[in-house]
Amino acid sequence: MSIIEHVVLFKVKGDTEQEKVNAMLNNLNGLVSLDPVLHLTAGPVHRIKSPILNFTHMLHSRYKSKEDLNTYSAHPEHQRVVKENVIPICDDIMAVDWVADNDPTPLSPPPGSAFKVTFLKLKESVSNEVQGGILGEIKGVKEGISGIQQMTCGENFSPARAKGFSLASVAVFGGVGEMEAAVGNEECVNLQKQKVRDNVDGVIVVDYVVPASSP
């Protein structure tokens with residue numbers, strides 16, 4: 001089974017009432033009950049590193065196939081939540097989808113789990129061979145950093161809302177402490193950065209913690 005990873009980043013307007021933000025998150029998390037959804041969590045961003053984009057909230061979900069993701073996207077309840085609870089209070093939204101390079105377990109990381117999501121925007125001149133090499137470097141991060149419980153990466157297959165970002169990865173840790181300790185492993189992280197830096201036009205790194213209230 002090839003798991004589909006679906007990540008959406010939201011930038012909520014600064015003057016939005018907290019009740020409306022809560023309503024957005026409650027309704028998004030409620031979509032976990034839809035048949036195609038294997039896992040879904042939505043909540044505030046713990047930390048974001050991006051010089052150009054400042055998102056405030058994140059949704060991460062998983063599906064058995066691209067067809068199941070499409071079924072979820074077209075579902076009337078999903079459409080209703082987006083129209084009524086998301087669009088009215090958001091200044092910006094981006095989404096990235098990829099086929100996981102392995103079967104992550106558990107499919108639904110428990111509350112308190114910490115995610116590090118990375119999006120890369122490659123330079124136009126980058127060849128498929130170089131892109132494959134960059135994905136290889138990303139996969140190697142799991143072996144070089146202790147504390148990663150699961151990690152997937154892949155090429156985005158939904159370019160319309162991805163703002164030009166074409167490679168993505170998600171690393172899952174037991175908690176924020178484990179994630180912070182892993183980031184401290186500068187030797188491995190810097191090696192990976194050096195090898196991809198020359199071929200990358202932009203990077204977004206989002207840290208996210210699964211809320212206790214996540215279904």
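Guide: Happy to! Let's begin with the term itself: a salt bridge here is a side-chain nitrogen of Lys or Arg within 4 Å of a carboxyl oxygen of Asp or Glu. Please keep in mind that we are looking at a predicted model.

A search of the whole structure finds seven salt bridges. Start with Glu 5 and Arg 62, whose closest N and O atoms are 2.9 Å apart. This pair links distant parts of the chain, since Glu 5 belongs to strand 1 (residues 4–12) and Arg 62 to strand 3 (residues 57–63), with the two 57 residues apart. Both Glu 5 and Arg 62 are buried.

Now move to another pair, Lys 116 and Asp 207. Their side chains meet in a salt bridge at 2.7 Å, N to O. Lys 116 has 15% relative accessibility, so Lys 116 counts as buried. Asp 207 has 2%, and therefore Asp 207 is buried as well. The pair also belongs to a network: salt bridges that share partners join Arg 47, Lys 116, Glu 180 and Asp 207.

Glu 84 and Arg 80 form a salt bridge, with the closest N and O atoms 2.9 Å apart. Both residues lie in helix 3, four residues apart, which is about one turn of the helix. An α-helix has 3.6 residues a turn, so residues three or four places apart point the same way. Arg 80 has a relative accessible area of 27%, so Arg 80 counts as partly exposed.

While we are at helix 3 (residues 76–86), look at how its residues are arranged. Its buried residues are His 78, Val 81, Asn 85 and Val 86. Seen down the axis of helix 3, these buried residues fall within an arc of 75°, so they line one face of the helix. On the face turned away from that buried side you will find the exposed residues Pro 76 and Lys 83.

Asp 15, Glu 17, Glu 19 and Asp 91 form a negative surface patch. Exposed means over 50% relative accessible area. Glu 19 reaches 65%, so Glu 19 counts as exposed.

Lys 11 is found in strand 1. Its relative accessibility is 33%, so Lys 11 counts as partly exposed. The C-alpha atoms of Lys 11 and Leu 122 are separated by 23 Å, and these residues are 111 residues apart along the chain. Asp 101 lies in the loop between strand 4 (90–99) and strand 5. With 35% relative accessibility, Asp 101 is partly exposed too. From the C-alpha atom of Asp 101 to that of Arg 197, 96 residues apart along the chain, the separation is 22 Å.

Note on methods
Residues numbered from 1 in each chain as written. Predicted model: local features only at pLDDT ≥ 70, side-chain atom pairs only at ≥ 80, totals over all residues. Heavy atoms only, no water. Patch = residues over 30% accessible without salt bridge, like charges linked within 9 Å, V, L, I, M, F, W, Y side chains within 5 Å. Areas by Shrake-Rupley, 256 points an atom, 1.4 Å probe, with all protein chains shown as cover. Lys, Arg positive; Asp, Glu negative; His and termini not counted. Charge placed at Lys NZ, Arg CZ, Asp CG, Glu CD. Buried < 20%, exposed > 50% of the residue type's maximum accessible area, 1.4 Å probe, protein only. Arc of directions from axis to C-beta.
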